[in-house]
Amino acid sequence: MNSTEELISQPGGSIDCRNYLPPLRAYYAEYAIPLSLSLAAGCIVWLWVTYVFAEVIRRIKRHTEKGQVMVLIIANTVYFTVVTFNVVALVVPHIAVICDIVPFVAFCWCILVFFRYLKESVGGDTAIIELYETKAIEPPQVCPCFRFIYDKKRQLRAIRFGIMQLPIYNSVVASIQLLIFSYDKDLFYDAFYVILPFIITSIVFYVGSSVSFIKTVAPLYPDNPIFKRFFLLQLVLIITKPQIIVLELIYNLSTFECTEAGEPKVYMNIIKQMVILIEVGIVTVFSYKFYTSQQQPAGEKSSGSNESMVTDVLTEENLTVTDGDCTNELPTVQEYLDGITLPLAIIIATTVMLSIATFGVFFKNAYHILHRTPKQFKTKSILLLTIYPLVTLFGVVSISVPRAFFLCDTVMHVYFMICAYVFFSLCMQYVDGEDALIKSTDSQTFSLRTPPLCCFVPLFKRAPVTKNRLRFVRMLIMQLPVVQTALFLALNVVFVEDYPNFNRIILYFVPLIVISILLGVWGLNILVRMLAPLYSDLKLMGKYFVLQAVLILCRIQPLVIAGIVSSSISDCVFPITLQVQKNAIFQLCLSFEMMVLSCWASLLYKSPSIIGPG
């Protein structure tokens, strides 16, 4: 242990706590248990992915047409590459940045190879346009960023450019990042926010382009499984980049107790790599099931089947339109405005007024905080109060643009999860950090038997506050924004790519969403019940309640309103479908409730205007 301490103390007086990693010998000595557990789990996932990779290659060679074999092998290599680099990043955390960048660049080039094959298989832009003309099919609407291009051929060319820019642009950005990282690591972390907007812009442009391409081409070949394989490949993008960006943002905005052992950075790396390993393992399961279900040999495919497929699709669409029952189809903005009714117009106007009122309350609260709250609490307090006007704003957007309702719901949901961790950080600032809390609660104990898991953990006894127990509570809350963001990003991809089956697919995500929320709320309850009796002047219980009420109202209230509306409203004429009516009533109620909660929060956040020392 003495040699370990010497290694840890080598950096000297001042270290960058947030970005510091200990030498490898100290890393292996100090973090032997978490590293062993994470490596054991990582190796299991790696072996599983390796087995699936070998099995999928065997099936591809046996059941796939000769021209598709190499493309599909390259595409499936992505899973193996990502998992391998994750395991390496666990073993050598000092190169974790390189292990994050390289798989993403590899994914980008695999996507380009896959896309070029798809373009060749359908015959190019001219062939796509001719097929739509000969089959008399109206091309579906592409993403809004391409709708201003009215010429279909130029539109397809713009979509192709949006996909092709991803590997080229991100290879250049990745090269710059790696050069900066090798030259000056501190400069690399400082430049993170400068490079971030460019990466996000490229990814958003690519996602819009790929979704537009699939929406344009897939109806011409409805039974071609290669488009479903493309969808599975898309999930790797969400796992490898946006999720890492969210994790890095949360980490950089959080406050930590500095230790020379490099605890924050080490645990951040372990959590990040384990989350990606588990998610890639889950995606590999679905990929394996998909390939094992494709048992038809390549030679049995009929070359003239596309025409009958298109005819079947047209027949299904006609049956959907002529059916008198209530449809699940969401109207476009134009259809919605053409069919809007007086009650719905009144609901929209009322929701807008409630949103304006909530923004007024928020600006008043923000003014008070900026002028009367101690400096160290200002930013996090304003971030927490922003949730109420944000929910009302996206409520107005959700009512006005019916097809954007799930995107708006995702933004509200993810922002609440971020606020949950911000609330934890604010509580730690209120008590002057974890070390000060441990000292002030020297003779105090706290209980893990708190809602919503109090019935499931009856054996836990009251225990003193320690650093490890506080770290456990932090992990329970920190997983909320990470896990929920990943799940809802995946659901948004499903919503855009396969809306008819969305309500069926989401059922598989519900258990993961619920378990993650229960663990996060359990952690918040432990935290508040630990601190509230000791710091009653901070009104922590009230602040927690007005935050938790947002989650309850956004998640449980829609189920109640859906049941009431379904049983009491029988009128369902497109475009004002039952789904549109449920959403409008829900957003109206939610906007009123957010205004009330915002007023209540304004009273609660006046209390810590001056915090005494210690």
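User: Which residues does Thr-485 touch, leaving out those up to four places away in sequence?

Analyst: Thr-485 touches Val-246, Val-414 and Leu-480 on that count. Bear in mind that this is a predicted model.

User: Where does Thr-485 sit? And is it buried or exposed?

Analyst: Thr-485 is part of helix 20. Its relative accessibility is 7%, and buried means under 20%, so Thr-485 counts as buried.

User: How far is the C-alpha atom of Thr-485 from that of Thr-410?

Analyst: The two C-alpha atoms are 8.3 Å apart. Along the chain, Thr-485 and Thr-410 are separated by 75 residues.

User: Back up a bit. How many helices and strands does the chain have?

Analyst: There are 24 helices and two strands. The chain has 614 residues, and 51% of them are buried.

User: Pockets now. How much space is in the second largest pocket?

Analyst: The second largest pocket holds about 1,200 Å³.

User: How many residues line it, and which lie nearest its centre?

Analyst: The lining has 38 residues. Nearest the centre are Asp-409, Cys-554, Arg-555, Pro-558 and Leu-559.

User: Which elements give two or more residues to that lining?

Analyst: Helix 18 (405-430), helix 20 (467-497), helix 21 (502-531), helix 22 (540-555), helix 23 (557-568) and helix 24 (578-604) do. Helix 21 gives the most, with nine residues.

User: How do the lining residues of the second largest pocket divide by class?

Analyst: In that lining, 27 are nonpolar, eight are polar and three are charged.

User: Helix 22 and helix 24 are both on your list. At what angle do their axes cross?

Analyst: The axes of helix 22 and helix 24 cross at roughly 175° and come within 10 Å. Angles over 145 degrees count as roughly antiparallel. Helix 22 and helix 24 are therefore roughly antiparallel to each other.

User: Which residues make the contact?

Analyst: Helix 22 uses Gly-542, Lys-543, Phe-545, Val-546, Ala-549, Val-550, Leu-553 and Cys-554. Helix 24 uses Phe-586, Leu-590, Glu-593, Met-594, Leu-597, Trp-600, Ala-601 and Leu-604. By class, the contact has 13 nonpolar residues, one polar and two charged. Cys-554, one of the helix 22 contact residues, is also among those nearest the centre of the second largest pocket.

User: Staying with helix 24, is Asn-583 buried or exposed?

Analyst: Asn-583 lies in helix 24. With a relative accessible area of 10%, Asn-583 is buried.

User: What is Asn-583 in contact with, sequence neighbours aside?

Analyst: Ser-398, Ile-399 and Phe-405 are its contacts once neighbours within four places are left out.

User: Where is Asp-432 found?

Analyst: Asp-432 is in the loop between helix 18 and helix 19 (434-440). Its relative accessibility is 45%, so Asp-432 counts as partly exposed.

User: And Lys-539? What is phi there?

Analyst: Phi of Lys-539 is near 55°, again positive in a residue other than glycine. Lys-539 sits in the loop between helix 21 and helix 22. With a relative accessible area of 39%, Lys-539 is partly exposed.

Note on methods. Residues are numbered from 1 along each chain as its sequence is written. This is a predicted model: local features need pLDDT of at least 70, side-chain atom pairs count only at pLDDT 80 or more; totals for chains, interfaces and linings use all residues. Side-chain values use heavy atoms; hydrogens and water are left out. On a 1 Å grid over the protein atoms alone, a cavity is a set of points where a 1.4 Å probe fits but cannot get out, and a pocket is an open set with protein on both sides within 12 Å along at least five of seven lines; lining residues have an atom within 4 Å of a point. Grid points are joined across faces, edges and corners, and a volume is the space filled by probe spheres set on the points. Helices (H or I, at least four residues) and strands (E, at least two) are DSSP runs, numbered from the N terminus. Ala, Val, Leu, Ile, Met, Phe, Trp, Tyr, Cys and Pro count as nonpolar, Asp, Glu, Lys and Arg as charged, and the others, Gly among them, as polar. Axes are lines fitted to C-alpha atoms, for helices over the stretch in contact, and angles run from 0 to 180 degrees between N-to-C directions. Angles under 35 degrees count as roughly parallel, over 145 as roughly antiparallel, 65 to 115 as roughly perpendicular and the rest as oblique. Contact means heavy atoms within 4.5 Å. Buried means under 20% relative accessible area, exposed over 50%, partly exposed in between (1.4 Å probe, protein chains only).
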